[in-house]
Amino acid sequence: GTKEEASLVLDLFRLHGNGGKEVLEPACGTGRLLKFFQARGFRVTGYDINERALAFARKRNRHARLIKSGMTRFCEPESFDLAFNLIGTFRHLMSDADALRHLALTARSLRPGGIYIVQFDLSDYDGQQDDEETWDAREGKRAIDHVMISIAPERKKRLEKILHFLTLKEAGKSKVLKSAYDLRSYDLPQWEALVARSPFKIIDAMIHPELGPGVRDGVFVLRAKR
């Protein structure tokens with residue numbers, strides 16, 4: 001889905017952006033989205049706290065600028081025209097204080113007319129249920145089967161637990177890798193209230209139909225209030 005995700009960001013930037021060429025991806029991971037923009041003539045910068053992910057990103061994007069930093073630390077005033085944070089990465093910020101700090105630092109990092117595109121799943125606490133997603137991939141003799149389980153959050157705690165089970169099959173052997181972490185949950189009023197306290201305002205939004213019981217996909221275009 002990389003092309004579809006990045007194409008949506010590009011379309012929104014063409015619609016709402018300032019026409020600049022400097023792109024920033026907070027928590028860029030392995031840089032799959034940055035590669036899309038780099039191939040279209042943008043100068044790309046990404047940062048992440050995971051050095052192994054950055055090492056992979058450097059191999060994938062030889063001319064990208066990749067920095068080890070975190071979402072509550074990185075700031076380069078008025079250096080970027082577009083920033084984006086997709087597939088729920090924003091929800092790794094586990095408190096309003098951290099989320100507001102990140103939004104403030106990102107707003108300072110954008111040039112006049114720049115935009116920040118944020119995408120994540122919106123919760124409906126009264127209707128959301130536990131969910132399971134699966135995917136698989138094949139390359140030569142290597143195969144991967146992946147199961148992700150989401151435990152529905154409670155309105156008071158606002159913690160959605162994510163469980164991953166990844167089975168790697170190669171040379172007649174298989175190995176299961178497991179991981180678990182929490183994400184902070186938002187319903188639409190909680191998200192709108194957070195942005196209202198930040199230096200940003202929401203200038204456009206796309207809220208897709210339910211992805212599952214009580215969950216909708218939200219894409220938000222933010223611009224600094226300055």
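Cys28 is buried, with a relative accessible area of 6%. The structure is a predicted model, and a search of the whole of it finds 0 disulfides. A disulfide is a covalent bond between the sulfur atoms of two cysteines. Cys28 takes part in no such bond, and the nearest cysteine sulfur, that of Cys75, is 17 Å away. Cys75 is likewise in no disulfide, its nearest cysteine sulfur being that of Cys28. Two sulfur atoms count as a disulfide within 2.5 Å. Cys75 is partly exposed, at a relative accessible area of 22%.

| Residue | Relative accessible area | Class |
|---|---|---|
| Cys28 | 6% | buried |
| Cys75 | 22% | partly exposed |
| Asp187 | 11% | buried |

The next topic is the sheet. Its 4 strands follow the order S6-S7-S8-S9 and form an open, antiparallel arrangement. Strand S6 (131-139) and S9 are the edge strands, each pairing on one side only. On average, neighbouring strands of this sheet are turned by 15 degrees against each other, direction ignored. Between S6 and strand S7 (residues 142-151) there are 9 bridges, and the two strands run antiparallel. Asp136 has Asp145, in S7, as its bridge partner.

Asp187 counts as buried because its relative accessibility is 11%, under the limit of 20%. A polar atom of the Asp187 side chain lies 2.9 Å from the backbone nitrogen of Gln190. Leaving aside residues up to four places away in sequence, Asp187 touches Leu122, Ser123, Tyr125 and Arg155.

Methods:
Residues numbered from 1 in each chain as written. Predicted model: local features only at pLDDT ≥ 70, side-chain atom pairs only at ≥ 80, totals over all residues. Heavy atoms only, no water. Buried < 20%, exposed > 50% of the residue type's maximum accessible area, 1.4 Å probe, protein only. Polar contact = N/O pair within 3.5 Å; in protein donor to acceptor, adjacent residues only side chain to side chain. Contact = heavy atoms within 4.5 Å. Pairing = 2+ DSSP bridges. Axes fitted to C-alpha atoms, helices over the stretch in contact; angles between N-to-C directions.
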